[in-house]
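Biologist: Please take me through the terms used for this model, and set each value against its cut-off.

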Amino acid sequence: MKQGNRINIRGKELYVEVYGAAHQDAILYLHGGPGESCYDFSFEQAEKLVENFFLVSIDQRGVCRSEEIHHGEEFSLKDIIEDCEALREHLNIQRWSLIGHSFGGFLSVLYASEYPDSIDRIIFEGPTFDFELTSRSLLRKTAQLLERSGKHKESGECRKLADTEESVSIRELTEKYMAYSDLLGGERMKIYKHDIDSGVDYSFYSDEEWETFYDRSDIHYNLLREEGKIFDSLLTELKALPHEMLLLMGDSDPVPCQTQISVFNETENGKIYKFKDCGHTPHYESPQEFTRMVTQFLTEQKTALIDK
């Protein structure tokens, strides 16, 4: 496991890991959350992708190993995008491809829309493009699991909220989902993982260090919720992207949901690949297959396009 470095980007210390040689095709990995980390991606994928790519993984501004966002400091969704572009310039990368996991897919659409010439190709892994649609889908999956665990009353409430046509804010849907999913206790990760026992070794850092990291991430997430721009749908922006795109998802992942998948299918340059017996994180649930699909899309596919 490689230890990254903090780099001053736009006046803030950003945690950055760099793998491979600078002459190779570059990839930027954008983690989900908001407020997760690049840790689990690097743990499973860095040494695999380094054979063919110059991989850059970051903990986004204020997240985990990056410098915390201090009280009273201004922070917005746009800061994450501007950090990405400033980091590209700092590393002297002309263009790079993106791998955006979950909320990282949302960020990838924003980044590619704002700086299209900086982006080569985009890989979306279990993405959300619309928090309302994702929250409703997660509520439905949660309702199923609550029903199986014998919490019939809560399951009914959860399902009713998922399907309601009454006026409910997207933030409320998101926060209600978090509350209902917490009722699952140790079974909560069944929402996201096909095999609940699969996972990553987090012992590189102590429990105390992880607690500090996630305290920082909570500040990041709460500020984004308060700003509210994460609740804007990006489905229109997605359809307008000119880039070649690949959507990777597990066959049991509720995050993208069928409506978002249908919109992605309407794009001119988008393709979809589903991992069998896999949940929300193919990069560590199906790591070898994930590496193969990423490599194929960013290398062999490019050759095929050149030959046309």
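Modeller: Leaving aside neighbours within four places in sequence, K12 is in contact (heavy atoms within 4.5 Å) with I7, R61, E67, E68, I69, H70 and E73. This is a predicted model, in which local features need pLDDT of at least 70, side-chain atom pairs count only at pLDDT 80 or more, and totals for chains, interfaces and linings use all residues. Residues are numbered from 1 along each chain as its sequence is written, and side-chain values use heavy atoms, with hydrogens and water left out.

Biologist: Why is K12 called buried?

Modeller: Buried means under 20% relative accessible area, exposed over 50% and partly exposed in between, with a 1.4 Å probe and protein chains only. K12 has 5%, and is therefore buried.

Biologist: What makes a polar contact between the side chains of K12 and E67?

Modeller: The term requires a pair of N or O atoms within 3.5 Å; within protein, one must be able to donate a hydrogen and the other to accept it, and residues adjacent in sequence count only if both atoms are side-chain atoms. The side chains of K12 and E67 make such a contact at 3.4 Å.

Biologist: Why are helix 4 and helix 9 called oblique to each other?

Modeller: Angles under 35 degrees count as roughly parallel, over 145 as roughly antiparallel, 65 to 115 as roughly perpendicular, and the rest as oblique. The axes of helix 4 (residues 131-148) and helix 9 (residues 257-265) cross at roughly 140°, so the two helices are oblique.

Methods
Axes fitted to C-alpha atoms, helices over the stretch in contact; angles between N-to-C directions. Helix = DSSP H or I, 4+ residues; strand = E, 2+ residues; numbered from the N terminus.
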